[in-house]
Amino acid sequence: AHLTQCLQPTKEVGKPIEELCGAAEELDSNMQRDILAVQLLSELSAFPSFERSAALQKLIRKTWLFHEDGAVAEAMRKGAEAMAAESYAESELHFASATRLDPSYAEAWKKLASAQYQQVKFECSIDNLEKALAVEPAHFGALSGMGLSLMSLKRYREAANAFRSTSGVHPMAPGPVLNWALAMFQQVAFGVGEVLIPFLPQWGALIVTGMILLDVAMGPKLDWASALGASEVPVLSARAQEVRRTLPDGSIEVRTTMRRLTRTGESLGELRRLVEQMGTNEDRVDISARLLDELASADTPERARTIAGLTWDAWFFHEDEDVRDALRIGGDFMDEGDLQRAEGYFSKAVLLDPKFPEAWNRLATVHYLMQSYDASLSDIDHVLALEPRHFGALSGRGSVYMDLRQYDQAAAAFQDSQEVYPLSKSTAEGKKFAEDLQAETGARMAQDKA
C-alpha cells in the first residue's frame with residue numbers, strides 16, 4: 001500500500017456563507033465547480049461552527065450536483081427522481097448513463113453507487129465509490145457510503161477506516177464518528193466469535209451514548225480525525241491537509257492536500273496488459289488512476305520509468321478516432337517545429353472533447369514553445385482540473401515559471417510533480433535548480449539593499 005498525494009491550490013478560508021452561496025449560484029462550467037468545491041472543502045475542514053458546517057455541507061452537495069452538460073444534468077435529475085420514488089433499478093440506469101456521458105464526474109459515480117447500495121449490490125457499490133474517490137478524493141458522501149457498503153459485507157475494519165477518513169474531510173459531522181465506533185466494536189465482536197453477537201445492540205448503544213456525551217463535552221475542540229488514529233489496513237481512503245505559504249506579493253496561498261490510500265505492487269506485465277486493452281475513455285480514467293498510484297509507490301527508478309511511460313500511453317488514448325488523429329498530427333507538426341499548425345490541431349482536439357486532459361496538455365506545451373506563457377498556464381489549469389496528478393502538466397508549470405523567473409513558484413510546481421512521481425530525476429533536478437536560483441536572487445536583492 002502507498003499513500004499518494006493530489007495537490008490543488010485553494011484560497012484563504014473564512015469567506016462569508018453569502019459570498020460562497022453567490023459563487024455557487026453563478027456556476028457555468030465544470031472547472032468553476034471544481035475550483036469552488038476545493039474552496040468549500042477547505043472551509044469545511046477548518047473546524048467551523050456546527051451551524052456553518054451544516055451550511056457548507058449543503059452548499060458542497062449543491063456544487064457537486066452541477067454539470068455544464070445538459071444531457072448529464074438531465075440524466076442526474078431523472079435518476080434523483082427515480083431514487084425519490086424508490087425505483088432504484090431505474091435510477092441506476094439514469095446514473096449509469098451520466099457516468100458514460102462524463103466518466104470524470106464524481107457525483108455521477110457516487111449516485112450510481114447509492115442506487116446499487118439500495119439494491120443490495122454492495123460490491124458494485126464499492127467499485128463505483130472507488131471511481132468517485134479517484135476523481136474527488138475528499139468526497140465525504142462517497143467515503144461514508146464506502147463505510148456503509150463495507151459494513152454490509154462485514155468488512156468492519158475497512159469500514160472503520162472509511163468512516164475515519166470521512167471525519168478527516170468533514171470534522172464536525174457526528175455520524176461518521178458514531179459509525180466508526182460501531183464498526184470497530186463489531187470488528188472486535190466478530191473476531192472474538194459469534195457468542196457476542198446477541199449483545200451487539202446493547203454494547204453498541206453504550207458506545208454511541210459515550211461518543212455523543214464526549215462530543216457534547218468537547219464540542220469543536222475535539223479533533224476526531226486525529227483521535228481515531230491511523231490504521232495498518234490498506235484500504236481506499238482520503239484525508240485533507242492544509243499547507244500555507246506566503247507569496248512574494250504578500251498574499252497567502254493555501255493548498256489542500258488530498259491523500260489517497262490504495263493497494264499497489266501489480267506486475268508490469270499486468271499493467272501493460274491493462275493499457276493495451278483500453279477501449280473507452282472510462283477505461284483511460286480508471287487505468288491512469290491505477291498507474292499513478294503505482295508510480296507513486298515504485299521502489300526503483302527502472303520500475304518508475306516504465307510505469308511513467310505506460311501512464312503517458314494511457315493519457316494519449318481516446319476512443320474517438322478524430323480526436324486521436326488531431327493529437328497525432330499536431331504532435332508531428334510540433335516535432336517538425338511548425339508550432340502554428342500544431343496549435344491548430346491541438347485546439348481542434350480540445351474543441352472535439354474539452355474533457356480530454358492530454359489535448360489541453362499538448363496545447364499548453366505548444367503555447368510554452370511559442371512563449372505564450374499566460375496561455376500555457378491557463379491550459380495547464382484546464383489539465384489539472386481534469387487530472388490533478390498529471391505530472392507532465394505540473395512539471396510544465398514549473399518550466400513556465402522558470403522562464404518567467406518566478407523561481408519560488410517554479411520550485412513549488414516541481415515539488416507538486418515530485419509528489420506524484422517521486423523518482424523522477426529530471427523533476428528533482430528542476431526543483432533544485434529553481435531553489436538555487438531563488439536563493440541566489442534573494443541573496444543578490446539583500447546585497448543590493450545593503
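## Model confidence

The chain has a mean pLDDT of 81, with 76% of its residues at 70 or more. The structure is a predicted model. Residues 192-197 have pLDDT below 50, and beyond near neighbours in sequence this stretch has one contact in the model. The pLDDT is also below 50 over residues 211-242, a stretch that has 80 contacts in the model beyond near neighbours in sequence. Where pLDDT is low, the predicted coordinates should not be read in detail.

## Nonpolar cores

The largest nonpolar core has 50 residues. Its members that touch the most other members are Leu 291, Leu 295, Phe 346, Phe 391 and Met 402. Apart from this core lies another, of 41 residues, which includes Ile 17, Tyr 105, Ala 108 and Leu 112. In soluble globular proteins, nonpolar side chains tend to be buried together.

With neighbours within four places in sequence left aside, Met 402 contacts Tyr 407, Ala 410, Phe 414, Phe 433, Ala 434 and Leu 437.

## Helices 19 and 20

Helix 19 covers residues 373-386 and helix 20 covers residues 391-403. Their axes come within 10 Å and cross at roughly 160 degrees. An angle over 145 degrees counts as roughly antiparallel, so helix 19 is roughly antiparallel to helix 20. The crossing is left-handed.

On the helix 19 side, the residues that meet helix 20 are Tyr 373, Ser 376, Leu 377, Ile 380, Asp 381, Val 383 and Leu 384. Their counterparts in helix 20 are Ala 393, Leu 394, Gly 396, Arg 397, Val 400, Tyr 401 and Asp 403.

## Helices 21 and 22

Helix 21 (residues 407-420) packs against helix 22 (residues 425-449) at an angle of about 160 degrees, and the axes are 8 Å apart. These two helices are therefore roughly antiparallel to each other, and they cross in a left-handed sense.

Helix 21 contributes Tyr 407, Asp 408, Ala 410, Ala 411, Phe 414, Gln 415, Ser 417 and Gln 418 to the contact. From helix 22 come Thr 427, Ala 428, Gly 430, Lys 431, Ala 434, Glu 435, Leu 437, Gln 438 and Thr 441. Among these residues, Tyr 407, Ala 410, Phe 414, Ala 434 and Leu 437 are also contacts of Met 402.

## Gly 265

Gly 265 sits in the loop between strand 3 (252-262) and helix 13 (268-276). Its relative accessible area is 59%, so Gly 265 is exposed.

Not counting residues up to four places away in sequence, Gly 265 touches Glu 294 and Arg 303. The C-alpha atoms of Gly 265 and Ser 297 are separated by 7.8 Å, although the two residues are 32 residues apart along the chain.

How values were computed: Residues numbered from 1 in each chain as written. Heavy atoms only, no water. Core = buried A, V, L, I, M, F, W, Y, C linked by side-chain atoms within 4.5 Å. Buried < 20%, exposed > 50% of the residue type's maximum accessible area, 1.4 Å probe, protein only. Contact = heavy atoms within 4.5 Å. pLDDT = per-residue confidence, 0-100. Axes fitted to C-alpha atoms, helices over the stretch in contact; angles between N-to-C directions. Helix = DSSP H or I, 4+ residues; strand = E, 2+ residues; numbered from the N terminus. Parallel < 35°, antiparallel > 145°, perpendicular 65-115°, else oblique. Left-handed = near helix turned anticlockwise from the far one by under 90°.
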